Amino acid sequence: MATSILRSSLRLSSNTRNATVYFRSMSSQRDIDPSRLEFHPIATPKPLPEVSKLKFGHTFTDHMLTIPWAQESGWGVPKIQPYGPLALDPSCTVLHYAQTIFEGMKAYRHDDGRVTLFRPDMNMKRMNTSAKRIALPTFDGTALLELIKQLIRTDKHWIPTAPGHSLYVRPTLIGTQKAIGVGPPNEALLFVILSPVGPYYPDGFKPVSLFGTTEYVRAAPGGTGAYKLGVNYAPGILPQKEAAKQGYAQNLWLHGPEHYLTEVGTMNMFVVFRKENGGLELVTPPLDGMILPGVTRDSVLTLAREHAQGKIALPGLPTGLELTVTERPVKMSEVRDAAKEGRLVELFGSGTAAVISPVDKIGYLGEDILIPTGEDGMGPVSRAVWTELSGRQTGVIESDWSVVIA
């Protein structure tokens with residue numbers, strides 16, 4: 001028995017030493033350095049796509065950014081090179097253990113010709129947090145952002161000039177160690193690709209229906225729900241297919257026997273209740289480790305709180321209207337009861353792709369909970385927030401959230 005304990009102790013001590021050496025070596029490595037950037041232009045640029053035929057995430061620009069990483073030397077030479085396939089060994093850890101993270105943000109072309117990114121510092125911070133969670137190398141977010149800006153400058157002519165269009169930016173980091181085994185990789189690759197996209201709702205807002213799934217969960221306490229990992233998304237495909245079979249557009253992820261609301265599809269979610277005094281309460285689940293800290297989520301909360309504090313006036317919301325902004329748990333029973341009593345004002349999702357996605361119906365335990373929407377498909381709070389938010393993104397409203405890159 002004592003021998004077994006000693007062996008276990010030695011193994012634990014060895015693993016601890018290895019982990020300590022790994023993280024110590026990471027701290028002394030070369031970080032991402034924009035001054036080392038190499039530019040390899042495409043020989044024959046592709047023709048620009050027809051704006052009317054753009055499908056989200058299906059068209060990509062001429063160039064991409066790649067930055068390799070190795071445990072011994074750190075971050076290697078950044079390259080802007082022609083968009084094309086990656087060469088990966090069949091044993092790469094990303095292919096076997098889903099060692100991958102990603103981000104999503106948009107670049108916008110303003111009427112005056114400027115090109116901006118919307119709050120990209122938050123994406124860089126979240127990407128580092130995600131990398132650390134699955135033992136991928138972290139990096140200088142400011143340095144990576146400078147390289148992303150250069151990539152966008154290179155392909156800025158791909159940003160459509162039509163209203164509501166933008167350039168979707170997808171930074172991705174994968175483990176590329178050429179060995180089968182679960183552990184921190186000794187090699188990784190960071191790459192960034194760009195995709196011109198149109199408005200999520202080209203013909204105006206169309207409220208979506210949700211299926212309140214009680215059979216599957218998106219995330220659990222202590223898991224990885226708060227990180228933007230590739231492994232979080234594939235398990236949602238089957239529940240999404242099953243929701244579609246029942247006539248619903250997305251899943252409403254519920255948690256626990258109490259059926260707490262967490263997220264809507266791949267978006268954060270908000271509920272608006274009417275209070276007894278006639279005021280409104282905007283509610284979203286708290287960042288409890290299961291909820292992804294979305295950039296759009298934070299933007300919605302910030303704008304709503306500033307309106308409630310009288311710092312700004314959101315378009316369409318009466319300045320005298322009492323608006324309470326709350327981050328707290330919400331049960332499906334509360335939503336159902338509010339709907340029956342006429343206190344449910346609206347429910348909507350938020351995310352980079354759609355920005356705001358209104359909901360008009362939730363299928364829950366065999367019944368449909370109907371949610372009010374306006375003639376334009378939106379509710380009073382989501383409409384006001386979307387107007388302000390989209391105005392800041394497109395430059396109609398000046399804001400320090402928009403970072404000029406070209």
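Me: Is Arg119 buried or exposed, judged by its relative accessible area?

Reply: Buried means under 20% relative accessible area, exposed over 50%, and partly exposed in between, with a 1.4 Å probe and protein chains only. Arg119 has a relative accessible area of 11%, so it counts as buried. Before we go on, note that this is a predicted model, in which local features need pLDDT of at least 70 and side-chain atom pairs count only at pLDDT 80 or more, while totals for chains, interfaces and linings use all residues. Residues are numbered from 1 along each chain as its sequence is written, and side-chain values use heavy atoms, with hydrogens and water left out.

Me: Where does Arg119 lie among the helices and strands?

Reply: Helices (H or I, at least four residues) and strands (E, at least two) are DSSP runs, numbered from the N terminus. On that reading, Arg119 is placed in the loop between β7, which covers 115–118, and α3.

Me: Which residue carries a UniProt annotation for a modified residue?

Reply: UniProt positions are given in the numbering used here, feature names are shortened, and annotations may be inferred rather than shown by experiment. The UniProt record, an unreviewed entry, places "modified residue: N6-(pyridoxal phosphate)lysine" on Lys228. In the model, Lys228 sits in the loop between β10 (208–213) and α5 (237–245), and its relative accessible area of 10% makes it buried.

Me: Which residues are in contact with Lys228, leaving aside its neighbours within four places in sequence?

Reply: Contact means heavy atoms within 4.5 Å. With neighbours within four places in sequence left aside, Lys228 is in contact with Ile101, Phe102, Glu103, Gly104, Arg126, Ser130, Tyr233 and Leu292. Arg126 can be followed from its own side: it lies in helix α3, residues 120–133, and at 8% relative accessibility it is buried. With the neighbours within four places in sequence again set aside, the contacts of Arg126 are Glu103, Lys228, Leu292, Pro293, Gly294 and Val295.

Me: How many residues apart in sequence are Thr100 and Ala234, and what is their C-alpha to C-alpha separation in space?

Reply: Thr100 and Ala234 are 134 residues apart in sequence and 12 Å apart in space, C-alpha to C-alpha. Thr100 belongs to strand β5, residues 100–102, and is buried at 15% relative accessibility. Not counting residues up to four places away in sequence, Thr100 touches several residues, among them Val94, Ile134, Thr172, Leu229 and Gly230.

Me: What separation in space goes with the 11 residues between His110 and Gln99?

Reply: His110 and Gln99 are 37 Å apart in space, C-alpha to C-alpha, although they are 11 residues apart in sequence. His110 is found in the loop between β6 (105–109) and β7, and its relative accessible area of 6% puts it among buried residues. Leaving aside its neighbours within four places in sequence, His110 is in contact with Thr116, Gln393, Thr394 and Gly395.

Me: Does Val217 count as buried or exposed?

Reply: Val217 counts as exposed, with 51% relative accessibility. Val217 lies in the loop between β10 and α5, and touches Trp253 and Leu254 when residues up to four places away in sequence are not counted.

Me: What radius of gyration does the protein have, and what would a compact globule have?

Reply: The radius of gyration is taken over C-alpha atoms, and the globule rule is 2.2 Å times the number of residues to the power 0.38. With 406 residues, a compact globule would have a value near 22 Å, and the 23 Å of the protein agrees with this. Along its principal axes the C-alpha trace spans about 70 × 65 × 45 Å. The protein contains eight helices and 19 strands, and 48% of its 406 residues count as buried.

Me: What share of contacts joins residues at least 24 apart?

Reply: Among contacts in the protein between residues at least 6 apart in sequence, 71% join residues at least 24 apart.
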